[in-house]
Amino acid sequence: MSDNHISLIDLPEVPDSVDTALKNLTDKPTKNIGTTLSDVWYLVFGGISHKADIRRLKYSAELEKYKAELDEAISTIPLEKKIEPSVQITAQALENSKYCVEEPELRSMFSTLIANSMNADYNQKIHPSFAEIIKQMSPLDAKVLRMFKHTNAAGLPLCNFRLVADNGGYYELSEKILLNTTLDNAIPYSQALSSLERLGLLSISSDVYLNNDAYYEKFKEHPLYAIYQKQFPSKRIDINKGKVAPTLLGRSFIEVCVPD
């Protein structure tokens, strides 16, 4: 019986220009790992990398950055912890990432996910849905989620600005406002929080809040608060306290996919 390995998939030879960085993973303990990843990479990107039109040349340049980032992420894995990547995880991640290659924030998350899929330390924390979640995120979503990488488990304070009516009712002027946001990005950040909540990564509450009232006093310094006071000088602007924290899924996602 021949000792030669027989592939179940008859792949064309990977061109030198397709994945030089990944093909360098040829030391004996990681040879199969590099081969698996290079094969999947070629299946996903092989037909894209060699088009000569201007648009694809720009894409190709971003693809080279992606390969370099992925190679760097993989190189940091201790040798004794390297494992062969799951084809399910890797193929989904590469397939979904080709729509996000030109967005550095999202590309970095895909690189981190793929690299961690090859690290035994993350084997029980990775879920196949992670690649699809990243594909549905905007660059701002990724930037906002990174805020939770090293925050307290209790989460971050946020508030709703409310206009209090004479009859005791109220009108929501703006929702899910984070501290330290500006007049220009407060609403986009609020929308990003809603998107991340929809994806199941964050839990947002307007009736549960952090114990430290000092956090919420700072919302009186927010530029939106000053604008509402000027817009409604005879009305009271209420700061409805809340908080935002990662869900159980969100904590795993942040650990696996969000780079330091």
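Visitor: At what angle do the axes of H5 and H7 cross?

Guide: At roughly 60°, and the axes come within 8 Å. That makes H5 oblique to H7. Keep in mind that this is a predicted model.

Visitor: Which residues make that contact?

Guide: From H5 you have Glu105, Leu106, Ser108 and Met109, and from H7 there are Pro139, Ala142, Leu145 and Arg146.

Visitor: And how do H5 and H11 pack?

Guide: Their axes are 7 Å apart, at an angle of about 90°. H5 and H11 are therefore roughly perpendicular to each other. Here H5 uses Met109, Thr112, Leu113 and Asn116, while H11 brings Phe253, Glu255, Val256 and Cys257.

Visitor: OK, the core. How many residues are in the largest nonpolar one?

Guide: It has 50, and the residues with the most contacts inside it are Leu113, Met137, Leu145 and Phe253. H5 gives the most to this core, with six residues.

Visitor: What does Leu113 touch, leaving aside neighbours within four places in sequence?

Guide: Its contacts are Ile89, Ala93, Ile126, Phe130, Ala131, Ile134, Val256 and Cys257. There's another core apart from the largest one, with 14 residues, including Phe161, Tyr216, Tyr225 and Ile239.

Visitor: Switching to H8. Why does its length agree with what a helix should span?

Guide: H8 runs over residues 186–198, and its 13 residues should span 18 Å at 1.5 Å a residue. The end C-alpha atoms are 19 Å apart, which agrees.

Visitor: Which H8 residues are buried?

Guide: Ala186, Tyr189, Ser190, Ala192, Leu193, Ser195 and Leu196. They pack against helices H7 and H10 and strands E1, E2, E3 and E4.

Visitor: How do the axes of H7 and H8 cross?

Guide: At roughly 85°, coming within 9 Å. That makes H7 roughly perpendicular to H8. On the H7 side, Leu140, Asp141, Lys143, Val144 and Leu145 meet Pro188, Tyr189, Ala192, Leu193, Ser195 and Leu196 of H8.

Visitor: What follows H8?

Guide: Gly200, with a positive phi near 85°. Leu201 is also in the loop between H8 and E3.

Visitor: Is Leu201 buried or exposed?

Guide: Leu201 counts as buried, at 0% relative accessibility. Leaving aside neighbours within four places in sequence, Leu201 is in contact with Ile133, Leu145, Leu196, Ala245, Pro246, Thr247, Leu249, Gly250 and Phe253.

Visitor: What separates the C-alpha atoms of Leu201 and Leu249?

Guide: They sit 6.0 Å apart, though the two residues are 48 apart along the chain.

Visitor: Now H10. Which residues are buried there?

Guide: Leu224, Tyr225 and Tyr228. They cover an arc of only 100° around the axis, which puts them on the same side of H10. Their cover includes E1, E2, H8 and E4.

Visitor: Last one, the whole protein. How many helices and strands?

Guide: There are 11 helices and four strands. Of the 260 residues, 44% are buried. And among contacts between residues at least 6 apart in sequence, 76% join residues at least 24 apart.

Terms used
Residues numbered from 1 in each chain as written. Predicted model: local features only at pLDDT ≥ 70, side-chain atom pairs only at ≥ 80, totals over all residues. Heavy atoms only, no water. Helix = DSSP H or I, 4+ residues; strand = E, 2+ residues; numbered from the N terminus. Expected span 1.5 Å × (residues − 1). Buried < 20%, exposed > 50% of the residue type's maximum accessible area, 1.4 Å probe, protein only. Contact = heavy atoms within 4.5 Å. Arc of directions from axis to C-beta. Core = buried A, V, L, I, M, F, W, Y, C linked by side-chain atoms within 4.5 Å. Axes fitted to C-alpha atoms, helices over the stretch in contact; angles between N-to-C directions. Parallel < 35°, antiparallel > 145°, perpendicular 65-115°, else oblique.
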